[in-house]
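These are my notebook entries on a two-chain model, written as I looked things up. I begin with a single pair of side chains and then widen the view.

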Amino acid sequence: MDRYSRRLARNKMWLSLSIGAAAFGLFWLAAILSTLVWNGLAGLSLSVFTEMTPPPGSAGGLLNPIVGSLILTTLAVVIGTPIGILAGTYMAEYGRYDRITYIIRFINDILLSAPSIIIGLFIYEILVVPMGHFSGFAGSIALGVIVIPVVVRTTEDMLLLVPNQMREAAAAIGAPQWFVISRVTYRAARTGIITGVLLAIARISGETAPLLFTALNNQFWSVNLNAPMPSLPVVIFQFALSPYEDWQRLAWTGALIITAAVLTLSILARALASKGVEQ
Amino acid sequence: MAALTLGAVEYVGRSKALKRFIATDSFFRYLTRAAAILVLGVLLGVFVSLAIGAWPAFHAFGLDFLTSQSWNPVTEKFGALAPIYGTIVTSLIAMLIAVPVGVGIAIFLTELCPYLLRRPIAIAIELLAGIPSIIYGIWGLFVLAPFLQQHVQPGLIEFFSGVPGFNQFFAGPPYGIGIFTAGLILAIMVIPFISSIARDVFETTPAVLKESAYAVGCTTWEVIWSVVLPYTRAGVLGGVMLGLGRALGETMAVTFVIGNAHKIAASILAPGTTISATIANEFTEAVGDLYTSSLIALGFILFVITFIVLAIARYMLSRLDRRAGVA
């Protein structure tokens with residue numbers, strides 16, 4: 001075999017391997033989604049959304065964890081989004097060339113991928129221990145802490161994309177900086193900032209680890225933020241590991257609901273993001 | 001709206017309006033600055049609160065905590081070696097699989113895939129990254145573990161039983177759950193991370209560089225190996241470290257399939273535990289201050305390890321950003 005055909009053969013081998021890698025990756029996506037849909041649909045019925053979680057061995061639904069998850073997620077977004085947007089605003093507008101901005105960006109990127117169970121421990125230490133009991137409030141703060149870095153990152157990125165001429169034009173007619181930011185740059189970057197919030201919701205709606213020892217769980221209907229609160233991921237965790245078949249079936253159905261919600265949010269965020277910054 | 005508010009300025013008098021503008025502006029500046037500093041505060045808060053919570057355990061066991069294997073809630077003797085070992089070995093297995101596959105996918109997407117399919121496949125793989133880890137966990141427990149137990153592990157055990165040196169790594173009954181299964185699940189979770197970052201950095205390679213290589217007669221593989229990969233080395237490494245950070249700290253997917261056994265077995269098919277799985281499994285049931293403190297100490301160790309890994313990842317990636325900014 002001469003040198004040229006050896007090179008061609010090597011080329012062919014590595015390229016086939018990389019095609020194989022792509023097939024391998026897509027195979028898992030297909031495998032996971034298909035079993036999820038198959039097992040989840042089997043248990044999906046109206047009663048899932050109208051009945052409470054059952055005791056072992058009887059039929060029931062997921063109403064209380066679904067409501068719990070909605071409350072926890074909403075509150076987390078309400079807590080995390082303003083802080084995230086304000087911090088992102090400082091980094092892109094007031095403190096764009098500050099030294100501290102570089103440090104915050106670095107730290108924020110680390111928080112973005114820090115293990116979520118650590119956040120759970122942190123909130124346990126600063127809220128659950130002083131309060132003396134688990135609570136929905138602590139759970140939503142834990143999720144809120146996870147929201148912050150996601151929103152900071154997208155807000156900063158999107159504000160940096162706004163052309164400087166727009167700021168200069170507004171400043172030239174005498175608008176103070178807060179006015180420029182709130183009326184000009186926020187408007188231009190609005191879609192991007194909303195994308196960030198959607199991504200944050202997608203991120204926290206499946207989070208389990210930070211809720212395990214903050215919101216804990218609740219077998220019953222509870223909307224009291226000062227008491228343990230059920231959530232879909234924690235119920236899935238508990239039910240899937242139980243030996244009861246009814247519970248396992250409900251766990252699959254819950255998993256399907258979460259995945260559907262997360263995928264819808266990510267696709268929505270992607271569709272918005274492709275519109276980009278309005279100019 | 002804007003014009004209206006500015007128009008009203010004439011009414012209240014120029015100096016008064018100016019004062020109000022300055023006051024609002026400094027208020028807004030300090031408000032945003034406070035929020036930005038809060039981000040630093042969160043990290044500091046995590047560090048300090050975990051250190052305080054972990055202090056009783058570190059104080060009671062000293063350095064033995066890092067080197068002892070015992071985990072006995074009855075006699076209150078705790079050591080972190082088994083979870084640390086499990087965390088590192090599962091992540092290692094995950095990276096061994098995920099790095100070649102992830103980079104391979106990125107090569108496929110940037111150099112080989114027909115244009116029409118690039119976006120859909122890239123989106124599909126990124127969606128895989130967005131699926132919550134608990135879904136991977138439940139899938140691993142009900143689908144992957146039984147499959148491995150029946151079809152893969154017996155074969156592995158038999159195949160390696162005659163290979164000296166390797167037989168101890170693949171020994172024992174096929175449990176299905178264990179270190180190996182956890183590593184595999186982690187690999188599946190990490191692949192999309194690595195491939196999407198690798199794809200992004202591959203695309204920063206200037207077309208001129210690649211075209212010159214093609215012009216002197218390089219094959220596609222030679223262009224990738226000698227031009228694209230050297231040019232993007234730091235970025236790919238950053239992506240790998242980011243994936244590693246995720247694998248080290250991943251909780252739910254691992255907790256389902258690891259078996260939660262506090263021992264270090266030579267065989268990677270045996271059940272084990274990781275730091276995050278131990279915390280998730282035992283924290284709410286931990287009685288006694290020393291037990292709770294030991295679990296928080298585990299969390300502290302995990303935090304320090306992932307912080308270092310993620311810091312290296314971000315450093316690598318930021319170097320690449322800077323170069324892309326200059327070019």
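I looked up the side chains of Arg33(B) and Asp98(A) in this predicted model and found that they meet in a salt bridge, with 3.6 Å from N to O; the term asks for a side-chain nitrogen of Lys or Arg within 4 Å of a carboxyl oxygen of Asp or Glu.

I noted that the rule finds 3 salt bridges across the interface of chain A and chain B. Across this interface I also found 9 residue pairs in polar contact, both residues at pLDDT 80 or more (a pair of N or O atoms within 3.5 Å; within protein, one must be able to donate a hydrogen and the other to accept it, and residues adjacent in sequence count only if both atoms are side-chain atoms).

Which helix gives the most to the side of chain A that touches chain B? I found that it is helix 1 (residues 3–43), with 20 residues, where a helix is a DSSP run of H or I with at least four residues, numbered from the N terminus.

I then looked up the contacts: 81 residues of chain A are in contact with 82 residues of chain B, contact meaning heavy atoms within 4.5 Å. The area buried between the two chains is about 7,400 Å², of which carbon and sulfur atoms give 82%; this is the accessible area (1.4 Å probe) lost on putting the two parts together, summed over both.

On conventions, I recorded that residues are numbered from 1 along each chain as its sequence is written, and that chains are lettered from A and ligands numbered from 1 in the order in which they are written. In this predicted model local features need pLDDT of at least 70, side-chain atom pairs count only at pLDDT 80 or more, and totals for chains, interfaces and linings use all residues, while side-chain values use heavy atoms, with hydrogens and water left out.

How values were computed: Helix = DSSP H or I, 4+ residues; strand = E, 2+ residues; numbered from the N terminus.
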